[in-house]
Amino acid sequence: MNVLVCVKRVPMTGGKIVLTADEQAIATQHLGFTISPHEECGVEEVVRIVEQHGGESVVLTLGPPEAEEQLRDAMALGMDRAIHLVIGDDEDWDAQATATAILDAIEAEHAAGVDFDLIFFGNESADSGGYQVGIRVAHALERPIATGLKGVAVEAGRVRCEQEVPGGRDVFDLPLPAVVTVKEGLNFPRYPSVPGRMRAQKKPVTSSSPTAAPARLEKVRLVSPPGDRKEAEILGHGPDAAPKVVELLQRIGVA
Amino acid sequence: MVEREPGGVDELSLQALALARTLAQGASIEALAVTPPSDTVSQGVAATLGEHGVSTLHVAEHAVFGSYAPTAVAQAAVELAERLQPAAIVGAGTERGNEVLAHIAARLDLPLAANCIAAASGDPARVTRLRWGGSLLEEADVHGAPTLLTVAPHLVTAERAPAGEAAVEHFAPTLSEADQLVRVTDRAEDDTAGGVSLADAKVVVSSGRGAGSPEGFGIIEELADLLGGAVGCSRAVTMAGWRPHTDQVGQTGTKIAPDIYIACGISGATQHMAGCKGAKTILAVNTDPQAPILASADYAVIGDLHEVVPAISAELRKARQT
């Protein structure tokens, strides 16, 4: 079976988010980048599915030229090939424009004779957190979708999907072809091997430059949340602080 | 879009109603709930919704609503919206709320602003929404009508706006087979149940890589046990394989809301802090007085967790003996 996973390149934010002077983006000159966490588990799951069932695994991203790094990372973990929808460095596509570009890429694959039985997305991206690109793609393809999954099992033309809810897991059972969105905790992603990294450099990346439709969810500016910084009251240093801590716990009513 | 819970209306839906009211500016607010025909929406629900400013509760009845069916709920909302022509459709920023609103957005080919904390009507509407799990805010314009948005949990206060009991109107939505295809068909109970769940714990004691090893969590577990609390950890710890992902506090882990969060050897990365913003009090134990977590913590002990945490446990035992 053929499986597609869509990933997003996001900065590793560390301890404090600093904005650019124009308030349009995060200052990233000192930051590394990664695949958005939910999607790392998506990549791992797709590699496992294709290892087990055969077929082809394809990773897609819509992102700046540098996002090829994340495509190579995914291929180092075992993805067979990549599709790169290249956009400008400063561009921040909204969910509708992103879904449209992904649909066009899926259509181009179809025209070239490749149809995906299963398409993976992250439940929401780490940065913009829109919760919707996968759902828009599924709707346009007229395919069933289950979201926020922590369990995905392919069997006999169907996919069993498990969603974590308080006290247990809700199960959806979808016929293929289908779309799923997954969450971190779905699996424990493997670490790329050196030979895996070497092979990834030679795997094919198909690039194209889609044109953005005007944003309908249009970012005006980014702001830091108010009341972000406060001064912690120092209860003491080392083990000698223990009585003060117990006093605090008693005051709160949990001791 | 109202989500119900046993005995009433989910608190997050009432918070969503508060934001809907600022958007409505006095115009009427109507609500949608779904139910299987065998069930009834209690009178208490209409009363509660009325107290929060709802004039009419529309109840969509269909057999498929016996279990959660996101596309069916979305289609019922689309059908109702065609009839009512609302200026906005608002849901709670729960997993299900975000999912259903995204389906509505896909069906109406409209933008969706997820996890808003403020909204003003207009053309375009202006919203403030969460990015990075709340570590950052975005002001955005939403083009097209109706305005579709969800309301971020616990950041908008539910407020009463006495309007009497909401009128109740029932309807049977027309749902295709495709609308009903995706629904919960089975439930797997949690086999690890028994301990205190991280999401509901009154006390959470956690550690990061500072614990040094999986065994290093022994002293964390001991303190959590003494306080009847749950153990949490940072993403670095689950990535290292020291603890299961179910213990992870953070943007991509569990969002906690304890009375006190005791974070030991946790630096305070934005990914982590997005998961513990709901804590009423944060106590940080850290060797580094410059650690980012001290900017979010209420109290701190400067010191090595391997010395401080056992000392707190010992002091607690001592206090209980006297």
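Visitor: Which residues of helix 6 (residues 242–252) of chain A are buried?

Guide: This is a predicted model. A residue is buried if 20 or more other C-beta atoms lie within 10 Å of its own. In helix 6 of chain A, the residues that are buried are A242(A), V245(A), V246(A), L248(A) and L249(A).

Visitor: Within what arc do the buried residues of helix 6 of chain A fall, seen down the axis?

Guide: The buried residues of helix 6 of chain A line one face of the helix, because the arc within which they fall, seen down the axis, is 155°. On the other side of this helix, the exposed residues are Q250(A) and R251(A). The arc asked for is thus 155°.

Visitor: Which elements of chain B do the buried residues of helix 6 of chain A pack against?

Guide: Within chain A, the buried residues of helix 6 pack against strand 13 (233–237). Their partners in chain B are strand 15 (281–286), strand 16 (299–302) and helix 9 (305–321).

Visitor: How many residues does the contact take from chain B?

Guide: Chain A gives 65 residues to the contact. Elements that give two or more residues to this side of chain A include helix 1 (37–53), strand 9 (168–175) and helix 6. By class, the side of chain A has 30 nonpolar, 19 polar and 16 charged residues. From chain B, the contact takes 74 residues.

Visitor: Which residue takes a positive phi in the hairpin of strand 7 and strand 8 of chain A?

Guide: Strand 7 of chain A and strand 8 (residues 158–165) of chain A run antiparallel and are joined by six bridges; V152(A) stands opposite C161(A). The hairpin has two residues between the strands. The positive phi, near 50°, belongs to A156(A).

Visitor: What is the bridge partner of A146(A) in strand 10 of chain A?

Guide: Strand 7 of chain A is also joined to strand 10 (residues 178–182) of chain A, by three bridges, and these two strands run parallel. In strand 10, the partner of A146(A) is V180(A).

Visitor: How many residues of domain 2 of chain B are in contact with domain 1 of chain B?

Guide: Chain B is divided into domain 1 (4–180) and domain 2 (203–321), and their centres, taken over C-alpha atoms, are separated by 36 Å. Domain 1 contributes five residues, of which one is nonpolar, four are polar and none is charged. From domain 2, the number in contact is six.

Key
Residues are numbered from 1 along each chain as its sequence is written. Chains are lettered from A and ligands numbered from 1 in the order in which they are written. This is a predicted model: local features need pLDDT of at least 70, side-chain atom pairs count only at pLDDT 80 or more; totals for chains, interfaces and linings use all residues. A residue is buried if 20 or more other C-beta atoms lie within 10 Å of its own, exposed if 12 or fewer, and partly exposed in between; C-beta atoms are placed from the backbone. Helices (H or I, at least four residues) and strands (E, at least two) are DSSP runs, numbered from the N terminus. The arc is that of the directions from the helix axis to the C-beta atoms. Two residues are in contact if their C-beta atoms, placed from the backbone, lie within 7 Å. Ala, Val, Leu, Ile, Met, Phe, Trp, Tyr, Cys and Pro count as nonpolar, Asp, Glu, Lys and Arg as charged, and the others, Gly among them, as polar. Domain bounds come from an automatic or database domain assignment. Two strands pair if DSSP finds at least two bridges between them.
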